[in-house]
Amino acid sequence: MEFIFTLDYEIYGNGQGSLRKLVLDPTQRLAEVFEEFDAPFVVFAEAVEFAKIEEAQSDPDITAVRAQLRELRTGGHEIGLHLHPWWAGAQYEKNRWHMDWSERNVCALKEERIDAIVSDAICYLRDILNDSDFVPLSFRSGLWVMQPTGVIAKVLARHGIEVDSSLFKGGRVRGLGLDYRPAKNNGSSWRFTNDVNRPEPDGFLLEVPIYTQMVPFWAMLGSKRLKLQSNTRKASQGSPLPRDWRDFVRLHYPRKLDFCRMTFAEMREVIKRVLEEEHESEGRTPIVAIGHSKDFVDAGAVRNFLTSLRERDVAVTTFSRMLCREPQLSA
């Protein structure tokens with residue numbers, strides 16, 4: 001077993017919030033914690049958002065974002081591609097962002113539009129990193145959407161992306177047409193092309209899903225999680241994520257391994273269960289944890305989690321490092 005920590009590096013989805021408070025300062029604190037353990041993490045940089053902010057000059061700290069991403073890459077952290085496609089057609093008027101919510105599901109757009117958004121985002125990252133040859137090897141879709149799959153898988157592979165980590169097993173969001181329940185019995189990673197839920201040995205992309213455990217619905221009601229969710233709702237009115245009450249009326253709910261929203265006690269229980277599940281497995285099993293820069297408020301919990309992993313001799317890696325050992329991954 002090895003852990004991959006992923007950070008969605010972004011402000012609120014509706015454009016509210018400052019880069020300093022929601023991106024720069026929390027990411028710096030997180031990097032300092034990981035440096036203590038000489039451990040890397042994956043930065044899923046929301047390139048469309050940053051390009052639009054820079055174009056409108058709506059936040060003076062956009063230059064510092066450029067510098068931080070270069071520093072993170074130099075420090076051994078992986079820079080992946082994250083997309084909130086509704087930013088692509090956004091307009092900034094009277095000190096407020098107006099999003100194009102019609103494009104919130106990037107997978108449902110025409111191939112030419114998907115290609116343009118992905119291409120522009122990668123070009124922007126190359127400019128930020130001062131590397132004209134840079135290709136992000138990993139991808140996470142905004143709102144975790146990878147359905148319908150076929151077109152976006154083809155576009156991402158054409159641009160050199162090799163790994164997706166958008167799916168979370170058991171996930172269901174009716175308003176976006178997202179249904180990841182069929183993937184619950186898949187292994188810890190699989191290749192796919194036409195349907196992200198269905199393994200295909202020769203698929204264009206490798207899916208390494210965000211780790212989830214099916215828990216009673218009340219397990220989602222921890223005070224830390226509810227407080228962060230409340231802060232997000234208050235600060236991002238007009239959220240692009242449509243929710244249907246039927247998505248929540250379930251005896252068991254897929255709880256993501258979220259290192260920003262979970263307490264250390266909750267994360268420790270996850271480790272215990274994962275070790276029990278993977279005891280009989282062969283090869284390497286990647287466990288992907290998710291976090292958001294805007295949610296990182298508890299450095300102590302992450303430090304304790306990393307300490308616990310080290311005590312159990314569990315490696316911390318990135319997708320790019322993992323790709324070198326893909327044949328050894330647990331199926």
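**View 1. Strands E3 and E6 pair in the parallel sense.** Strand E3 (residues 78–83) and E6 are joined over 3 bridges, where pairing requires that DSSP finds at least two bridges between two strands. Leu83 stands opposite Ser141 in E6. Helices (H or I, at least four residues) and strands (E, at least two) are DSSP runs, numbered from the N terminus. This is a predicted model, in which local features need pLDDT of at least 70 and side-chain atom pairs count only at pLDDT 80 or more, while totals for chains, interfaces and linings use all residues. Residues are numbered from 1 along each chain as its sequence is written, and side-chain values use heavy atoms, with hydrogens and water left out.

**View 2. Strand E6 (residues 138–141) is covered on both faces.** Ser138 and Arg140 lie on one side, Phe139 and Ser141 on the other, and all are buried (under 20% relative accessible area, 1.4 Å probe, protein chains only; exposed is over 50%, partly exposed in between). In a regular strand, side chains alternate between the two faces of the sheet. E6 also pairs with strand E7 (residues 163–164), in the parallel sense over 2 bridges. Phe139 stands opposite Asp164 in E7. From E6 the chain crosses through helix H5 (residues 150–158) to E7 in a right-handed β-α-β crossover; right-handed means that, with the strands pointing away from the viewer, the path from the first strand over the helix to the second runs clockwise.

**View 3. Strand E1 (residues 2–9) has 8 of its 8 residues buried.** Glu2, Ile4, Thr6 and Asp8 point one way, and Phe3, Phe5, Leu7 and Tyr9 the other way. E1 runs parallel to strand E14 (residues 286–292), paired over 7 bridges, with Glu2 opposite Pro286. A parallel pairing with strand E15 (residues 315–317) has 3 bridges; there the bridge partner of Ile4 is Thr317. Strand E2 (residues 42–46) is joined to E1 by 4 bridges, also parallel, and Thr6 stands opposite Val42. The crossover from E1 through helix H1 (residues 19–36) to E2 is right-handed.

**View 4. The largest nonpolar core has 90 residues.** A nonpolar core is a set of buried Ala, Val, Leu, Ile, Met, Phe, Trp, Tyr and Cys residues joined through side-chain atoms within 4.5 Å. Phe5, Tyr9, Leu69 and Leu81 have the most contacts inside this core, and helix H4 (residues 111–129) gives the most to it, with 9 residues. Neighbours within four places in sequence aside, Leu69 is in contact (heavy atoms within 4.5 Å) with Tyr9, Val43, Ala45, Ile79, Ile128 and Leu129. Another core, of 10 residues, lies apart from the largest one and includes Phe44, Val163, Val208 and Met322.
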